[in-house]
Amino acid sequence: MSLANKYRPKTFDEMIWQEHIIDILKAQMQSRDVVHHNYLLFWPRWTWKTSSARLIAKALNCLDLQNGNPCNHCANCELINNGTSLDYVEIDAASHTGVDNIREEIIDKASYPPTTLKKKIYVIDEVHMLSKWAFNALLKTIEEPKWNVCFIFATTEIHRVPDTIISRCQVFNYKKVPDSAMVSHLESICKQENLQYTESALKIISNISEWCVRDAVKYVDQVSILWDLNEENVARFLWVAWESIIKETLQDIKEWNREKIFSRLDTISSQGIDLSQFAKQAIGYLDQHLLEDTDFFLKCSELFWNIISTIRRYPYPIVAYKIEINKLLNENNWSTTSPKVETKPVIETKPTENKTTWEAQAKPQEKKGIEEPKQIVNNEEKVENKPIESAPSSPKDYSWDFKGLRETVLSKLNKPTAQSNLKDQAIIEKKEWNILDITVITAFAKTLIENEETQKTLEHLLSEELWENISIRITFIKKEDYLAQKMWL
Ligand SMILES: [Zn+2]
């Protein structure tokens, strides 16, 4: 038996990362005399779709419920597991879109009572594919629910399902399984199967499976038949890149080194790595490490998204990479740290190859004297009116570098726990007058920073650093929401 089948969830409790659904379903099954629902199951991406529909079907019919879970051994569970009951029907809407199909397969038959099971179950997969007429015909049937008939619709595109259908169903949103949960799920399978594995190998698998548990388990199965599950073997088998290659590529981009990036891309391509997959892997990596270098990583995410969306236009995928990377390197006003940089007048007329590093591009131009730089061409802005000062006795200018400010202040904070947690869970957003806005993205960081003593010390250190009386204003936003917000900005 393949691992994917062996580890397919057979009870609600085995569906990973779906606790919000499991509890409701189990409670409903246990008080089943009040259950007359039709269900609409919605997935962001295909995962255990028919398995989950089948689980509900079994639980509704099971003769020996186990704490809300189907028992999997009673006559009814077995009929559904084997697909041998006429009362359990699975239909793929993608190939049965028409009104005639729906009438023939469902509406006519649903009027007869079940023959073997307690309830007749109709599972309609990819229900959004049905035609308008098919939906209308179906609507009449589900509007007058019978206690012994239940519809379970499944879709990956809920926005294409008519509201009239949605409002007559109980809707369950299945969550994407995050990498951490996926990796520990794969780990537990490896342990049960006595497979040699490394965590980094499982991370690659999780990453390329794009939240699909079944695919992830399938890859584990395929690679482990031949070799140990280590990074090298997984990369070799699935034609994907090791994490170190992604890191090195990002470093080349950060160093602004066109030649190095292009030659690395050639190497990656000649190793047979799937370049569309590589872009997706890179996005996955960037998402997981976003807080290490947020602005730069967001910029890179955008780069890889552009690559994914244009890659099909070119006969050779590598061309899409080179074009998009070239575009990015030619932008001369992008910045890693401060929005201010973008609005500053650019003094030089063109970016030159000499500006090699990301930092050189990112930092604002420093002006040493009052005299106008000679190279200004077509620059409408009056540079001489800009305040210019660099007296050694003035405070360090952090206006473009809140990250630097955070590092400096935290290094002076004599509280190791706060130090290490605030390092990547608290972000200085902006300074308005003497108020510094700080976003914290975990509840723990919030507790730390709201501690009266810590807050006072931080304000004191910040005031010292910025030469004015600083107070801090704290906002708590959950990490996922914060990153999503940043993405849209
Ligand atoms: Zn049963």
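Reply: Start with terms. Helices (H or I, at least four residues) and strands (E, at least two) are DSSP runs, numbered from the N terminus. Two strands pair if DSSP finds at least two bridges between them. This is a predicted model: local features need pLDDT of at least 70, side-chain atom pairs count only at pLDDT 80 or more, and totals for chains, interfaces and linings use all residues. Residues are numbered from 1 along each chain as its sequence is written.

Me: What is the strand order in the open sheet?

Reply: Strands of a sheet pair through backbone hydrogen bonds, either parallel or antiparallel. Here five strands run β2-β3-β4-β1-β5, with parallel pairing. The edge strands, β2 (88-92) and β5 (170-173), each pair on one side only.

Me: How many bridges join β1 to β5?

Reply: Four bridges join β1 (residues 39-42) to β5, and the two run parallel. Leu40 stands opposite Val171 in β5.

Me: Which residues of α10 are buried?

Reply: Count neighbours. A residue is buried if 20 or more other C-beta atoms lie within 10 Å of its own, exposed if 12 or fewer, and partly exposed in between; C-beta atoms are placed from the backbone. In α10, the buried ones are Val213, Ala216, Val217, Tyr219, Val220, Val223 and Ser224. Seen down the axis, they fall within an arc of 155° (taken from the directions from the helix axis to the C-beta atoms), so they line one face of the helix. On the other side of α10, Ile225 and Leu226 are exposed.
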